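Opening the notebook on this one. I'll go place by place and jot down what I looked up.

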Amino acid sequence: MPDTTPAKRYGVIGHPIEHSRSPHIHTQFASQFNLALSYERILAPLDGFAATVEEFFKNGSGLNVTLPFKEQAYDLVGPRLSRRARMAGAVNTLWLEDGQLHGCNTDGVGLCSDLLRIGHKPEGKRILLIGAGGASRGVVFPLLEAGCEMLHIINRTSAKAYDIREQVVALDPDASRRLSAGGLDDHCGDWDIVINATSASLNQNLPELPNARYRSNSLAYDMFYASEPTAFMRAAEQAGATQSIDGLGMLVGQAAASFQIWHGVKADVEPVLAKLRQEIG
Ligand code: ATR
């Protein structure tokens, strides 16, 4: 008898949303496990996020949340937030459990799994994180959890970097020994991994970054991705970074972590990443 069970419904919600590559990534993961599911792009009105989520979960199973709604998703979930979501102050993965909405943030796990994949395990590393917006906040706790020796956040507006440090330390006082913050020119010492979490790459701009000093076998990681090396990647290699890479692997990694929350299985990111890399040219 043919299986007539309706395919479970998943999606990504944002504004705008037409650029999202998540449907493509999740349907490829699903085919690795012969899972029947649908995954759609959902455009929520800027003032209608909560209502759109409520409507979706009348028959939906899981939602990814993207800009500009990650903080609203955090507020919507209330007490049923994962520790990582709490630390990030933002949610990118929603699901129902016992009829209640739950939320997690998989962005930082996506970054850490990509660092592992390319042979730059965060454990024991000195990491410089540039930027103190939402993208930066989402990765701070997972980098600490992954055992980095030191994480230093610098930002053009230094107060925002200090704020992130303060908020993370308030939730995890142990973090204070390994987490520091400052302005863009405050990056003494040399670094194993330098991560660009500013939005400068979106416009192919270089963050106003004084040259960081790179250690041997170091990595410059741009959280944004593009068909060509970003201005940050090129400048970092000139400044002595051994290797540079963009954030396409992080995108696939965060999707794999959401997929694991929803379906309980670990997807193989490599073939999906290779295909995506080909597509973006
Ligand atoms: P996101 O959620 O993507 O992190 P955001 O909250 O708007 O976006 O934050 C953008 C980050 O990029 C901020 O850290 C911003 O620095 P300020 O807080 O000083 O504004 C940083 N940024 C953007 N353009 C930059 C540039 N040209 N040089 C340095 N930092 C830049």
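**Cis peptides and the loops around them**

I started with P68, which sits in the loop between β3 (62-65) and α3 (70-77). This is a predicted model, so I read each angle and contact below as a property of the prediction.

Then I looked for another cis bond and stopped at H15 and P16, where the joining peptide is cis with omega about 5°. H15 lies in the loop between β1 (8-14) and α1, and P16 is in the loop between β1 and α1 too.

What does H15 touch, leaving aside its neighbours within four places in sequence? I found L43, A44, L46 and P68 in contact with H15. So P68 turns up again, because H15 lists P68 among its contacts, and H15 counts as partly exposed because 16 other C-beta atoms lie within 10 Å. I also checked H15 against P79: they are 64 residues apart in sequence, and their C-alpha atoms are 25 Å apart in space.

**Positive phi outside glycine**

Next I went through the backbone angles. N34 is not a glycine, yet its phi is positive, about 50°. I placed N34 in the loop between α1 and β2 (37-43). Is N34 buried or exposed? N34 has 6 C-beta neighbours inside 10 Å, so I noted it as exposed.

D98 is another entry of this kind: its phi is near 50°, positive in a residue other than glycine. D98 is in the loop between β4 (93-97) and β5 (100-104). I put D98 down as exposed because it has 6 C-beta neighbours inside 10 Å.

**Helix α10**

I checked the length of α10 (residues 269-280) next. At 1.5 Å a residue, its 12 residues should span 16 Å, and the end C-alpha atoms are 16 Å apart, so the two agree.

Which residues of α10 are buried? I listed V269, V272 and L273. Looking down the axis of α10, I see these buried residues within an arc of 95°, so they line one face of the helix. I reminded myself of the general rule here: an α-helix has 3.6 residues a turn, so residues three or four places apart point the same way. On the other side of α10, I have E270, A274 and Q278 as exposed.

The cover over the buried residues of α10 includes α1 (22-32) and α9 (248-263). After α10 comes G281, with a positive phi near 90°.

I then stepped back to V265, in the loop between α9 and α10. V265 has 12 other C-beta atoms within 10 Å, so I marked it exposed. Not counting residues up to four places away in sequence, V265 touches F33 and Q260. V265 and A30 are 235 residues apart in sequence, but C-alpha to C-alpha they are 10.0 Å apart in space.

**Helix α8**

In α8 (residues 231-238) I noted F232, M233 and A236 as buried. Their directions from the axis of α8 fall within an arc of 100°, so I have them lining one face of the helix. What covers these residues of α8? The cover includes the strands β9 (190-196), β10 (213-222) and β11 (243-245). Just after α8, G240 has a positive phi of about 115°.

**Two domains**

I looked up the domain assignment: it gives domain 1 as 8-105 + 251-280 and domain 2 as 108-246. Taken over C-alpha atoms, the centres of domain 1 and domain 2 are 24 Å apart. Across the boundary, 13 residues of domain 1 contact 15 residues of domain 2. On the domain 1 side that touches domain 2, α4 (83-88) and α9 each supply at least two residues. I sorted the residues on that side of domain 1 into six nonpolar, four polar and three charged.

**Around the ligand**

How many residues surround the ligand? I have 16, and the closest are G133, G134, R156, T157 and T198. Helix α6 (residues 134-145) gives the most to this shell, three residues.

Terms used
Residues numbered from 1 in each chain as written. Predicted model: local features only at pLDDT ≥ 70, side-chain atom pairs only at ≥ 80, totals over all residues. Helix = DSSP H or I, 4+ residues; strand = E, 2+ residues; numbered from the N terminus. Expected span 1.5 Å × (residues − 1). Buried ≥ 20, exposed ≤ 12 C-beta atoms within 10 Å, placed from the backbone. Arc of directions from axis to C-beta. Contact = placed C-beta atoms within 7 Å. Near = placed C-beta within 6 Å. Domains from an automatic or database assignment. Nonpolar A, V, L, I, M, F, W, Y, C, P; charged D, E, K, R; others polar.
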